[in-house]
Amino acid sequence: MAAKAVKAGTDQKKIRLRNQIIVIGIIVVLFIISNFFTEGKLFRPNNIRTILTQVTYPLMVGLGMMFIFTTGMIDLSVGAQVILAANVGAIAVQIYGLGYPGLIIGTVVTLIITELLCTSCSLFLKIPSWVAGLGCALVFEALGVLLVGSYADSLGTAIVQLKECKTLGSFPVIFIIAVVVAIIAYFIFNRTRFGFNLRAIGGGGEVAEAMGINRKKTIIMAAVIGAVIIAIGGITQLSYTGRFTPTSGMGSLSGIFKSLAVVLIAGSFSRIFNDVVGCAIGAFIVAALFNVLTLLGVPSGTGQDICLGIVVMLCGILSALHYKGVQK
């Protein structure tokens with residue numbers, strides 16, 4: 001019996017490895033085909049650099065959302081949180097002259113507070129997480145508009161423009177930061193007791209509690225870790241673009257669309273790849289897809305979003321082919 005179990009486990013590993021090779025091979029082939037259709041523009045050094053830069057923000061925000069979503073908390077206020085926190089960091093630099101400490105501490109602390117507030121609404125007030133997320137998004141959006149508006153006279157503009165402390169958004173620094181964050185996220189998610197508890201909760205909260213896992217404590221820790229990762233993504237993106245424009249009326253949702261797609265793609269690959277690896281692959285797929293579509297002249301918004309939706313569905317179909325079992 002034990003020998004059969006070992007053989008079954010070995011067979012599943014072989015099947016998973018085969019599917020991993022197939023998926024990577026398909027992605028490589030698609031890249032080559034895309035390079036042909038873009039007349040060689042895709043593989044040009046400057047364009048590769050652009051793709052690697054564009055990978056960073058959806059990857060880090062996607063990884064942070066992965067920690068939060070694994071607990072069962074579907075927080076849709078992340079985009080509003082990033083905008084608010086990034087503007088706090090930018091104001092700390094541009095108005096108060098606090099430099100990198102102000103940028104980093106202001107953004108990270110603000111995002112941790114906002115994420116804990118949203119998580120607490122669901123965890124302690126028993127509000128469905130997606131409802132709490134939408135409500136918090138509206139609140140955080142309004143706070144962002146009010147915050148920036150209160151400094152409009154001092155700034156001379158309705159947008160906080162980060163003109164200093166932009167090294168973190170330069171290449172290759174921004175890509176190196178994303179790689180380091182991904183490695184740390186992989187270690188925490190897969191090689192720590194907290195990661196085990198988190199994945200157990202993701203598999204079933206009641207079962208996890210029966211195993212002696214403190215569900216509330218784990219969810220709060222996941223919220224903090226996810227918030228820190230998202231904040232790092234926000235800091236590097238702010239340093240790269242120079243601003244996060246406040247918005248209202250749920251406009252912040254569009255800011256996390258790519259990151260949400262990364263999480264969905266990682267979920268569709270969960271039977272083939274580890275979740276963190278799936279996020280990395282998803283981020284490259286999303287960044288390359290939008291890059292290729294831009295090179296081909298496909299309009300942003302409608303055409304590009306339609307293509308991204310199709311890719312997400314295809315990834316789900318592909319991940320289910322010829323594989324049975326669950327990989328965590």
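1. A pocket, as the word is used here, is an open set of grid points with protein on both sides within 12 Å along at least five of seven lines. The model is predicted.

2. Start with the second largest pocket. Its volume is about 520 Å³. It is lined by 21 residues, and Leu30, Ser34, Ile285, Leu289 and Val311 are the closest to its centre. Helices α1, α12 and α13 each give two or more residues to this lining. The most comes from α1, with 8 residues. By class, the lining holds 19 nonpolar and 2 polar residues, and no charged ones.

3. Now the largest pocket. Its volume is about 640 Å³. The lining counts 28 residues; closest to the centre are Tyr57, Gln237, Ser254, Gly255 and Lys258. Elements giving two or more residues are α2 (45-70), α3 (78-94), α10 (215-241), α11 (257-268), α12 (275-295) and α13 (302-319). The largest share is that of α2, with 5 residues. Here the lining divides into 17 polar, 9 nonpolar and 2 charged residues.

4. Is Asn19 buried or exposed? Asn19 has a relative accessible area of 5%. The cut-off for buried is under 20%, so Asn19 counts as buried.

5. The Asn19 side chain makes a polar contact with the side chain of Arg18, at 3.4 Å.

Conventions
Residues are numbered from 1 along each chain as its sequence is written. This is a predicted model: local features need pLDDT of at least 70, side-chain atom pairs count only at pLDDT 80 or more; totals for chains, interfaces and linings use all residues. Side-chain values use heavy atoms; hydrogens and water are left out. Buried means under 20% relative accessible area, exposed over 50%, partly exposed in between (1.4 Å probe, protein chains only). A polar contact is a pair of N or O atoms within 3.5 Å; within protein, one must be able to donate a hydrogen and the other to accept it, and residues adjacent in sequence count only if both atoms are side-chain atoms. On a 1 Å grid over the protein atoms alone, a cavity is a set of points where a 1.4 Å probe fits but cannot get out, and a pocket is an open set with protein on both sides within 12 Å along at least five of seven lines; lining residues have an atom within 4 Å of a point. Grid points are joined across faces, edges and corners, and a volume is the space filled by probe spheres set on the points. Helices (H or I, at least four residues) and strands (E, at least two) are DSSP runs, numbered from the N terminus. Ala, Val, Leu, Ile, Met, Phe, Trp, Tyr, Cys and Pro count as nonpolar, Asp, Glu, Lys and Arg as charged, and the others, Gly among them, as polar.
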